[in-house]
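Please keep the sequence and the structure open while reading.

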Amino acid sequence: MPRLQWPVTMEQAELELDELKKTQPGLFLGPPGQGYLRGIDFYLPSALPTVYQQALNSFYAAHKRMPDLIGLPQIVDYYFAIKFFSAVPIAPNPSDKLNASAYLSPDLLAGIALPKRPWTSDDWRLPDDDAVPPGRYFYKFANGSTMHEEVVWPSTRNKRMRLEDQARRWAMSYWGLHWGEWWYFSSKPRFFLEEVREDSSAAIVEASIFVCQGSPKLIQLRSDPKPRLALERLFTTEGKPLSGSVGGPTRKRLDKAAELPPCIGTMLQAASEIGRHLFFARIDFLHIWAPKPYLGEITLCPYYATAGFKPADFDLEAKKMLFGQSVPGDLANPALADNTA
């Protein structure tokens, strides 16, 4: 994250918030429906300007401009607005990796596989050796991003101590809290072991479905053959290939041979059902050429609003696909499921 005072000062952050209240009052209507919070509800009034300042500096460092929450010219402007003004359910917490399946009905869940997780805990201390079957696992923090490490079980004493120390630091990082992604901090920290599942049947192992107000809009297929290099192809929900790319720190190359898997209908249904509880979400599925796709995690603000889509003309096209005619005030509305009940 950039330095707190560069280039946006606290005074400027406070002025930005005051100006938004005048020009976009719809963003501040509320509170949202029961069981939902927004960033402006979650943070104490005394803390909100500091967090908003940090989020503005992060955005500026990535895009060399301030976010525009009036015109919303790019996808990243929507992403930034989501941090503070989008209504997010607080129970179950969608950012907790262990909660993704809680948003699915039993009928849909029957067509989705879940990773085997033989141990979960509110404590970072790992279980006894005989409490978990031997094998390869990821030791994961449920309330953060990219916080995981592979371990062969049973582990050595030194490895165990190092993992526990790492997990303790994960929990103490207050992931997301300081730059507006408060939802990671809105429930009790949890830790778990997740079985490493090798799937040698296909090159494409992951699908991310972008959903707005319960409607799937765009599909990203991706595999990672090398560190910091991804093969990628984007599709409409009807299966039409698209020419753009998702941004982010990983270098991407078009995979012209990628095709949507037979289970795409099931994944779209599941993503739609999960997305009905949120204004926007990216729903991840793993091992999509297996008999049943594996449900991954729910992301509310991809890349912390530091990256959208490439190139610029495709970002504009993707923005229209994802958000259509949405106006800023739509972010503050309670979830679609509540509006249609």
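Strands S3 and S6 pair in the antiparallel sense over 3 bridges; strands are DSSP runs of E with at least two residues, helices are DSSP runs of H or I with at least four, and both are numbered from the N terminus. Two strands count as paired if DSSP finds at least two bridges between them. The model is predicted, so local features need pLDDT of at least 70 and side-chain atom pairs count only at pLDDT 80 or more, while totals for chains, interfaces and linings use all residues. Residues are numbered from 1 along each chain as its sequence is written, and side-chain values use heavy atoms, with hydrogens and water left out.

**The sheet around S3 and S6**

- Trp119 stands opposite Leu193 in S6.
- The pair S3 and S6 belongs to an open sheet of 4 strands, in the order S3-S6-S4-S5, with antiparallel pairing.
- Strand S3 (119-121) and S5 are the edges of this sheet; each has a single partner strand, so one side of each is left without a neighbour in the sheet.
- Neighbouring strands of the sheet are turned by 25° against each other on average, direction ignored; axes are lines fitted to C-alpha atoms, for helices over the stretch in contact, and angles run from 0 to 180 degrees between N-to-C directions.
- Helix H6 packs on the sheet and touches S4, S5 and S6, where contact means heavy atoms within 4.5 Å.
- The direction of H6 makes about 155° with that of S5.
- Strands of a sheet pair through backbone hydrogen bonds, either parallel or antiparallel.

**Salt bridges**

- The whole structure holds 15 salt bridges, each being a side-chain nitrogen of Lys or Arg within 4 Å of a carboxyl oxygen of Asp or Glu.
- Arg136 forms a salt bridge with Glu150, and their closest N and O atoms are 2.7 Å apart.
- Arg136 lies in strand S4 (residues 135-141) and Glu150 in strand S5 (residues 148-153), so the pair ties together parts that are 14 residues apart in sequence.
- Arg136 is partly exposed at 35% relative accessibility, and Glu150 is partly exposed at 33%; buried means under 20% relative accessible area, exposed over 50%, and partly exposed in between (1.4 Å probe, protein chains only).
- Arg162 and Glu149 meet through their side chains in a salt bridge of 2.3 Å, N to O.
- This pair links distant parts of the chain, with Arg162 in helix H6 and Glu149 in strand S5, 13 residues apart.
- Arg162 is partly exposed, with a relative accessible area of 42%, whereas Glu149 is buried at 17%.
- Asp96 and Arg190 form a salt bridge of 3.0 Å, N to O.
- Asp96 sits in the loop between strand S2 (88-89) and helix H5 (106-109), and Arg190 in the loop between helix H6 (157-172) and strand S6 (191-195), 94 residues apart.
- Asp96 is buried at 2% relative accessibility, while Arg190 is partly exposed at 24%.
- A network of salt bridges links Arg117, Lys140 and Glu194.

**Backbone points to check**

- Most residues other than glycine have a negative phi, and most peptide bonds are trans.
- Ala91 and Pro92 are joined by a cis peptide bond, with omega about 0°; Pro92 is in the loop between S2 and H5.
- Trp153 and Pro154 are also joined by a cis peptide bond, with omega about 0°; Pro154 is in the loop between S5 and H6.
- Leu72, in the loop between helix H3 (48-63) and helix H4 (75-85), has a positive phi near 45°.
- Leu72 is buried, at 4% relative accessibility.
- Gln213, in the loop between strand S7 (206-212) and strand S8 (215-226), has a positive phi near 50°.
- Gln213 is partly exposed, at 32% relative accessibility.

**The whole protein**

- The protein has 9 helices and 15 strands.
- Of its 341 residues, 51% count as buried.
- The C-alpha trace spans about 60 × 45 × 40 Å along its principal axes.
- The radius of gyration is 20 Å, which agrees with the value near 20 Å for a compact globule of 341 residues; the radius is taken over C-alpha atoms, and the globule rule is 2.2 Å times the number of residues to the power 0.38.
- Among contacts between residues at least 6 apart in sequence, 67% join residues at least 24 apart.
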